[in-house]
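Please look through the structure below before reading on. The questions and answers that follow go from the whole chain to single residues.

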Amino acid sequence: MDLSQYAELFLAESREHLSACNQLLLQWERAPASAEPLAGLFRSVHTVKGMAATMGYARVADLAHRMENLLDRLRKGVAAPSGDMLQLLFRGIDLLEKSIGLAVAGREREADVAGLGDELNAAAHQAPAMPSVRPARGRRPARTTAAPRPSAPAVTLPTGELPVDLSLSGGGRLVSVTLRAEAPLKGGRALLVLRRAGELGPVAQVSPPVAAFESDDFDGRFSFRLDATAAVAEIERALARAGDVERVTVSEPDGGAAVRGEGGGADRSRHIRVDLRRLDRLMDLIGELVTVRGRLNQFAAERRDPAVDEMAIQVSRLSSDLQSEIIQARMTPVWQVFDRYPRLVRDLARQLDKQVALRVEGKEIELDRAILDELGDPLVHLLRNAVDHGIEPPAERRRHGKAAEGEIVLAAVRERASVTISIADDGRGIDRGRILDKAKRDGIVDAHLEGLSDDQLLRVLARPGFSTADAVTSVSGRGVGIDVAMTKIRALGGTIEVQTEIGRGTTFVLRLPVTLAIVRALIADVAGERYALPLTYVAETVEFGAMPITTVEGREAMVLRDRVVPLVHMRALLGTAESPVPPRRPVVVLQMGERRTGLVMDGMVGQQEIVVKEFDAPAGTLPVFSGATIMGDGVPALILDAGGLV
């Protein structure tokens with residue numbers, strides 16, 4: 001059977017298991033006496049081995065098998081592993097990930113696993129046997145599943161047939177599976193279901209036999225015996241992850257049966273895997289539909305025809321519902337990106353001879369997948385910055401009365417129509433005086449400036465090439481980290497802020513829109529041209545002149561409810577000051593975190609949803625535009641970048 005069509009599915013599932021392996025290794029490193037992370041590690045590596053063998057990826061399967069042998073020795077009762085052994089396992093996970101990528105790309109021969117495989121073999125044979133490590137009394141294992149047998153195939157498949165109505169008197173539970181009628185390549189999918197079952201315990205007496213899966217007559221219905229103590233719901237979830245599972249029937253201990261669908265409770269499958277490119281295409285199409293909807297609404301307003309009005313209302317409602325569903329389908333929990341960072345922080349701290357723990361909060365918060373994919377680099381730079389510049393060496397921390405181990409908190413919080421992500425460390429903080437002195441020597445700030453506000457500090461740190469490091473290392477010192485992070489976040493329509501206190505630590509705060517492609521915006525007029533402002537950052541609008549006007553540090557400002565708000569006259573900024581000024585002008589108050597700025601416009605056009613298009617600004621264009629959109633009349637309008645104005 002040609003299983004190449006399952007390569008992408010294998011890649012996605014393997015990455016999930018390897019991500020879990022990294023998390024479990026980190027847990028085990030912090031609590032080496034615990035048996036639970038080790039059991040989870042063994043199960044995940046065992047599963048990857050079985051899936052790789054099914055796909056015919058011999059080198060991947062061999063490397064996983066050697067890791068499994070070492071983990072089995074440890075699982076059976078080896079003393080707490082040494083730092084070198086843990087590092088060997090970390091290297092093994094890294095090589096597994098690389099080898100899987102090469103195998104799926106059809107380049108498995110390039111995967112050099114022999115050297116590390118020999119090291120794993122040597123470590124397995126040199127490990128001294130000790131009494132078994134067991135969970136503490138009163139504690140339950142993380143999963144109540146039977147551990148897979150070491151060195152055995154993931155699934156034991158006999159050649160004999162099993163009658164479907166076989167008595168339940170022996171051999172474990174009887175599990176019957178029905179695949180969806182429209183599932184492609186049912187035989188390959190059935191094999192994946194059996195591999196999932198093999199994670200939970202030994203599988204036997206498959207009916208019809210596995211050889212029949214390749215037959216054109218195979219209708220996607222099969223059964224097998226599963227020797228596992230897992231709950232029915234856990235078995236159902238494990239098998240459903242193979243995809244295209246319509247029904248699962250598991251014998252209960254009392255002889256009854258539970259029938260479940262993939263979603264757990266419904267007879268029909270509730271989840272499928274969708275190629276992200278299809279979602280991107282759907283988003284592009286709904287974006288075009290939103291543009292056409294705007295034109296239709298404008299046409300209806302001009303015609304004043306009840307029939308056209310009714311049609312425009314129906315199209316608007318249906319397209320809005322469709323847009324909402326597509327955006328929701330693209331939403332992805334941030335843990336899919338955050339889960340890679342504990343390993344990154346651990347390796348970096350080890351390289352710098354520091355002790356650092358990373359705590360992650362708000363992993364369930366969701367962001368548009370397009371934003372989440374672009375967020376990786378900025379977060380990596382900020383985390384590396386926190387470990388290298390923020391967290392002190394253990395000896396220095398002890399001298400200042402701190403715990404030897406520093407802590408970094410990576411947190412996500414939903415705020416109205418935006419998501420806030422913060423990276424906070426409890427390290428030494430940023431020395432503003434040192435930064436100011438360096439900035440003066442480099443000519444970045446005025447020589448008479450006496451101090452740096454948070455905003456000024458960030459702008460200095462984000463200057464390309466600016467660094468206070470004494471030497472360039474493989475970790476930092478080139479002055480690009482904050483610059484890269486700020487540029488990327490601004491490109492995503494977000495903002496970045498810094499808060500710091502000497503001896504207490506530093507926090508970088510990133511504010512991002514939930515989605516990029518379609519946003520609700522305020523449309524304003526300046527000298528006859530329309531400009532769009534995303535409503536995410538619009539706090540309120542007031543009339544210019546209705547509030548007291550003052551001057552702060554040479555800049556015009558208004559006093560709004562006892563708070564001074566700096567003003568930006570858009571006519572002057574855009575170079576259209578010579579045209580007639582309307583007698584009444586609105587002020588759009590933008591807010592980002594604690595910062596506020598008022599934009600003095602000529603007039604307000606209204607609110608509408610806009611499709612954000614990439615904007616390649618010509619040379620010399622002011623850096624206050626984040627994109628462009630097409631209005632209902634077909635005329636383009638520029639989108640103002642709130643981050644560049646506040």
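This is a predicted model: local features need pLDDT of at least 70, side-chain atom pairs count only at pLDDT 80 or more; totals for chains, interfaces and linings use all residues.

Q: Is Lys186 buried or exposed?
A: Lys186 belongs to helix H6, which covers residues 186–200, and among the residues that Lys186 touches are Leu179, Phe218 and Asp219. Buried means under 20% relative accessible area. Because the relative accessibility of Lys186 is 18%, the residue counts as buried.

Q: Which kind of peptide bond joins Ser207 and Pro208?
A: Pro208 is placed in the loop between strand S2 (203–207) and strand S3 (221–226). Most peptide bonds are trans. Between Ser207 and Pro208, however, omega is about -5 degrees, and the bond is cis.

Q: Where is Asp562 found, and is this residue buried or exposed?
A: Asp562 has a phi near 65 degrees, a positive value in a residue other than glycine, whereas most residues other than glycine have a negative phi. Asp562 is found in the loop between strand S17 (555–560) and strand S18 (563–569). Exposed means over 50% relative accessible area, and because Asp562 has 80%, Asp562 is exposed.

How values were computed
Residues are numbered from 1 along each chain as its sequence is written. Side-chain values use heavy atoms; hydrogens and water are left out. Helices (H or I, at least four residues) and strands (E, at least two) are DSSP runs, numbered from the N terminus. Buried means under 20% relative accessible area, exposed over 50%, partly exposed in between (1.4 Å probe, protein chains only). Contact means heavy atoms within 4.5 Å. Lists of a residue's contacts leave out its neighbours within four places in sequence.
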